[in-house]
Amino acid sequence: MTPSIRRLRLGSCPDSWGVWFADDPRQTPWPRFLDELSGAGYRWLELGPYGYLPTDPAQLRDELARRDLVCAGGTVAGVGGPHKDFADVVAETRKVAELTRALGARNLIFVPVPGYRDDVTGAYHEPAELSPERWRTLVDNSNTLGRILAEEYGLAMRFHPHADYHVETQTQTERFLADTDPRWVSLCLDTGHLAYRRADVPSLIRKYPDRIGYVHIKQMDPAIAARAAAEDLPFGQAVARGASVEPPAGAPDVPSVLTALEELDADLFVVVEQDMYPVDFDEPLPIATRTRAYLNSVSTFEERAHR
């Protein structure tokens with residue numbers, strides 16, 4: 001019996017079109033991305049790196065409306081490096097929060113990259129494990145950001161565990177949830193990044209049902225993930241080797257994840273995010289179309305935006 005999820009909204013994001021940065025000539029141009037996202041049948045959109053899509057709210061609202069797209073959430077990324085001043089992180093978060101609120105969304109996905117190593121060279125910037133003092137700083141800063149977003153913008157902070165960052169394993173994710181304030185911080189549960197580090201994704205959902213605020217659904221090739229661990233490859237190089245795969249080819253098992261999400265009986269966005277940087281411009285659309293068809297074959301999602 002397949003799960004029937006009536007309160008989960010299926011969307012996608014620029015990452016599934018090979019977009020990791022605000023401006024990179026190897027990335028799909030934003031008008032083509034929006035056209036193809038709509039053409040593939042998606043209606044909910046996560047914004048991706050700030051500056052990739054237009055940042056003028058009126059212009060972006062118009063671009064989305066004429067393609068029948070609605071914003072599910074904004075994305076803060078590129079602010080998690082070891083030497084990043086917290087004031088700069090807050091300033092960048094505020095910019096994204098303003099745009100997200102203007103588009104009527106309520107989710108702010110915080111992707112803490114870059115992490116402890118370089119995606120290209122593999123060089124380590126710092127140890128993979130934080131000291132107790134640095135961990136406390138991470139927790140305090142996350143609580144502060146979450147409170148700012150909630151009290152000043154009416155947004156919910158969705159923290160994204162990420163490979164090659166200090167919250168990447170199941171143990172680290174559980175510690176992060178235990179130490180942060182549930183009033184201000186919840187997860188963007190990225191099924192692929194957690195599976196890349198061999199987490200049991202359904203068990204996380206069931207153990208922390210009140211902290212799952214948003215979902216990035218994707219899969220990883222276990223063989224490539226294992227090879228990356230054995231060869232000590234950075235995540236970016238693993239992605240370039242094809243670590244992030246089209247479902248149902250990888251892990252975690254999608255029906256098992258959807259069954260666990262169904263048990264939450266919650267309103268959640270489930271956003272397809274297949275890491276494909278860099279990728280030929282002609283590849284994402286067929287994959288996105290097949291992925292949407294597959295997900296709808298194993299569950300029932302709310303895909304239309306009712307506003």
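**Close-up 1. Cys 13 and its closest cysteine.** The sulfur of Cys 13 lies 9.1 Å from that of Cys 188, the closest cysteine sulfur, which is too far for a bond. A disulfide here is a pair of cysteine sulfur atoms within 2.5 Å. The structure holds zero of them. Cys 71 is in no disulfide either; its nearest cysteine sulfur, that of Cys 13, is 12 Å away. Cys 13 counts as buried because its relative accessibility is 2%. Cys 71, at 1%, counts as buried too. Buried means under 20% relative accessible area, exposed over 50%, and partly exposed in between, with a 1.4 Å probe and protein chains only.

The model is predicted: local features need pLDDT of at least 70, side-chain atom pairs count only at pLDDT 80 or more, and totals for chains, interfaces and linings use all residues. Residues are numbered from 1 along each chain as its sequence is written, and side-chain values use heavy atoms, with hydrogens and water left out.

**Close-up 2. Helix α1 and its packing partners.** Helix α1 spans residues 30–39; its buried residues are Phe 33, Leu 34, Glu 36, Leu 37 and Ser 38. Helices (H or I, at least four residues) and strands (E, at least two) are DSSP runs, numbered from the N terminus. The buried residues of α1 pack against β1 (8–12), β2 (44–46), α2 (57–65) and α11 (284–298). Contact means heavy atoms within 4.5 Å. Gly 41 follows α1, with a positive phi near 105°.

**Close-up 3. The buried side of α2.** Leu 60, Glu 63 and Leu 64 are buried in α2. They sit on the same side of α2 because they cover an arc of only 95° around the axis. The arc is that of the directions from the helix axis to the C-beta atoms. The cover over the buried residues of α2 includes α1, β2, β3 and α3.

**Close-up 4. The largest pocket.** About 880 Å³ of space lies in the largest pocket. A pocket is an open set of points on a 1 Å grid over the protein atoms alone, with protein on both sides within 12 Å along at least five of seven lines; lining residues have an atom within 4 Å of a point. Its volume is the space filled by probe spheres set on the points. Lining the largest pocket are 45 residues, and Trp 20, Phe 21, Val 113, Asp 119 and His 162 lie nearest its centre. β3 (70–77), α3 (86–102) and α9 (235–240) each supply at least two lining residues. α9 gives the most, with four.

Terms used: On a 1 Å grid over the protein atoms alone, a cavity is a set of points where a 1.4 Å probe fits but cannot get out, and a pocket is an open set with protein on both sides within 12 Å along at least five of seven lines; lining residues have an atom within 4 Å of a point.
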